Amino acid sequence: MAQKLAFTAFAALIPLITAQQIGTDTPEVNLPLPTWKCTTSGGCVQQNTSIVLDWNFHWIHQVNSSASCATSTGAINSTLCPDEATCAKNCAIEGIPNYASSGVATSGDALTLHQYTQSNGVTSNASPRVYLLGADGNYEMLQLLGQELRFDADVSTLVCGENGALYLSEMDATGGRSQYNPGGASYGSGYCDAQCPVQTWINGTLNTNSQGACCNEMDIWEANANATALTPHPCEGDTCDKSGCGFNPYAQGVHSYYGNGGTVDTLKPVTVITQFYTSDNTTTGSLSEIRRLYMQDGKLIQNAVSTSTAGLDSITASWCTSSDASAASLGGLTTMGQALGRGMVLIFSIWNDGGQFMNWLDSGSNGPCSSTAGNPASIEAQTPGTYATFSNIRWGDIGSTFEESGASSPSSTAMSTSTSTTTVAKSPAQSQYGQCGGNGWAGPTACAAPHTCTLLNPYYSQCL
C-alpha cells in the first residue's frame, strides 16, 4: 500500500501545494544517489542517478510574490487557479534548499529517510517520499522483466506501525513535463499508484476533474522490523488490483522467519534481492514468477516456505489467480510483467498510518504487533528517531547483482564496478554509512575500519 491514501491525507495539510512555472528564488538541487546497472557479462556499472522529493514538498507561490497559491486551509486559491493555464501563469514552484528538513539524507550510495524531524525542540511529521532520477533530469525507468533488483536495507528502528517502502510505479518518465509543468520529474511531479489517489495535481497540473492517479505498482519492499510484504498491483486503465497477491512470511504462517533475531534478522542490515522470471527466461516473455532472496552475514537465505499454502515460497501466476479475486480480470502477473518491461520509477518512502495503524502489514494474521501499537501518536512520543536506510541499489541480469560465496556482509559483494567495493566487518562493527548511534539506538556503536562514528543529529550517528 506504499504511502498511498495516508500520504494523500498528509499532503492535503501542506499549505503550499500549487504551481507550474519554475521559480527563481531557490533552484532545485537533487541529491546524488549513485546506483549500479549490472550484466552477467560486464559486471556492474555505476549510474549517475539522484533523488528528488515529491512535488507536494516544494514551496509554491504567486509569481512575483511570496504569497501562497493556496489558502490557509491548504485548498487551492480558486482566483489564482481556476484552470490549468491560468494557474500555470499565476504560480511558480521553488526548489528545496534543504532536504534534511524534510527527513531526507544521502551519504555515498545510502539514502536515509526519517519519519520525524526536529527543529528548535519541535517535532514534525516529515514522512518523505522520493524518486530516482536519471542524469537527463527524467526519472530513471527500471526495466525489470526477466531481471532482478537488489538493495541493502536497515529497518532496525522501524517499530510497529512504520513502513519503510521501496517500490515501483509506472509513472511518466518526464513527470508529465509540459507547457504547464516545465519542471516535471526534476521537481518530483507525476506520482501515481494502484490505489488511484485523488490528488490536487496530476502530472504537475491542476486536477480539475478529481481524477484518480492510477498506474501499475510493484511493491518490492514494505517493511518494518516486525513484518514485510512483497506485492504486485496490476492495473487495466483506471481499474487496479488494490489488494494484490502479496507474500508476507508471517501471514504465510512462518512466524520466526523475519524479525528481531529471526532467520532474516532485522536487527542487522540485510540485502534484499527480488527476481522477475519469465515463462521463456527472456526479457520479453510473460512474467511467471516473482522470487525473493535475502543475504545476511555473507549467506544466501532462501525465501520462507508457506505453512498455510503448501510449498509456496514465491509469487506465481497460479497463486495470484487462486488467492486474489481481482488478479484474473486485470491480467495478473502478465499485466504486471508488461509494466516491468516498459519501465517503472523507483520510489522510496517512510510513512505511518493514522487510519489503520498499519495493521494490514504487521498485526493480527499479518504480524506480531498489537492492533494499537502502530498509532502514530505513540510512535512520535516514544520513538521519534525511527528511520529507514536503503543503499547499494543494483539492477540487471538475474544473478548479476550479488555473489553468494566469499562475501563477508550484505554490502561487500564482489563485483566489477566503476568504483571501489566497500568491505564491511562482521557484527558488532557497523558498516560504512550504517547507523552507529542516536537516541534509542540499540545496534552496533563501533565502525569497521577505517570509518568513524559521526554525529549527524541527536537521533542518528553514521559510520563515515
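Predicted model: local features only at pLDDT ≥ 70, side-chain atom pairs only at ≥ 80, totals over all residues.
Between which two strands does the loop that holds Asn-181 lie?

Residues are numbered from 1 along each chain as its sequence is written, and side-chain values use heavy atoms, leaving out hydrogens and water.

**View 1. Asn-181 in its loop.** Asn-181 sits in the loop between β15 (162-169) and β16 (201-202); strands are DSSP runs of E with at least two residues, and helices are runs of H or I with at least four, numbered from the N terminus. Asn-181 is buried, with a relative accessible area of 0% (buried means under 20% relative accessible area, with a 1.4 Å probe and protein chains only). Look for the backbone oxygen of Gly-175, 3.2 Å from a polar atom of the Asn-181 side chain. The backbone oxygen of Asn-203 lies 2.9 Å from a polar atom of that side chain.

**View 2. Helix α4 and the residue after it.** Helix α4 covers residues 332-342, and its buried residues include Leu-333, Met-336 and Leu-340. Next comes Gly-343, with a positive phi near 120°.

**View 3. An open sheet of 3 strands.** The order is β1-β7-β6, with mixed pairing. β1 (21-22) and β6 (60-62) are at the edges with a single partner strand each, so one side of each has no neighbour in the sheet. β6 pairs with β7 (residues 91-93) in the antiparallel sense over 3 bridges; two strands pair if DSSP finds at least two bridges between them.

Notes. Buried < 20%, exposed > 50% of the residue type's maximum accessible area, 1.4 Å probe, protein only. Polar contact = N/O pair within 3.5 Å; in protein donor to acceptor, adjacent residues only side chain to side chain.
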